[in-house]
Amino acid sequence: MQKGDSIGSTTLTLTRADLVRYAGASGDFNPIHWSESTARSVELPGVIAHGMLTMGAAVQLVTDWCGDPGAILDYQTRFTAMVPVDEAEGAELTVSGKIGTVNDDGSVRIDLTVTDPRHGDAKVLTKAQAVVRT
């Protein structure tokens, strides 16, 4: 493994049903994640995905790559763009990962790029980084 090596890429689809399931699992029932009228009343483009759902879905690429969710020692990001979830089409995210650093202890930092191709490839997450025990 070397800095810059790709760990792969994937396309994720989020639906309104995914938002409802996530709300139930997380306890986050904020209506901006399920009510079009509420979301628009606070000047959002419509229903948006939960930030933590987006973060959790994106790290699946790392889990698939390393094969063990317990090998992820740290994961953090900054939320930089909303993910509108259309009622009919849902939302689509593109996730890719590269090795950012190979550490002396054998762990690696994976840098994720998460974009929304339906909204001008907006960067949904920045500084999305996972440290993985290898």
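User: What makes the lining of the largest pocket divide into nonpolar, polar and charged residues?

Analyst: This is a predicted model, in which local features need pLDDT of at least 70, side-chain atom pairs count only at pLDDT 80 or more, and totals for chains, interfaces and linings use all residues. Residues are numbered from 1 along each chain as its sequence is written, and side-chain values use heavy atoms, without hydrogens and water. Ala, Val, Leu, Ile, Met, Phe, Trp, Tyr, Cys and Pro count as nonpolar, Asp, Glu, Lys and Arg as charged, and the others, Gly among them, as polar. By that rule the lining holds five nonpolar, three polar and eight charged residues.

User: Which residues of the lining lie nearest the centre of the largest pocket?

Analyst: Pro84, Val85, Asp86, Gly90 and His119 do, out of 16 lining residues. Helix H2 (36-41) and strand E3 (91-102) are the elements that give two or more residues to this lining. A lining residue has an atom within 4 Å of a point of the pocket, which is an open set on a 1 Å grid over the protein atoms alone, where a 1.4 Å probe fits, with protein on both sides within 12 Å along at least five of seven lines.

User: Why do strand E1 (6-14) and strand E2 (72-79) stand at the edges?

Analyst: Two strands pair if DSSP finds at least two bridges between them. The open sheet has the order E1-E3-E4-E5-E2, with antiparallel pairing. E1 and E2 each have a single partner strand, so one side of each is left without a neighbour in the sheet.

User: How do you know that E2 and strand E5 (residues 122-132) pair?

Analyst: DSSP must find at least two bridges, and E2 and E5 have six, in the antiparallel sense; the two are therefore a pair by this definition. Tyr75 stands opposite Ala130 in E5.

How values were computed:
Helix = DSSP H or I, 4+ residues; strand = E, 2+ residues; numbered from the N terminus.
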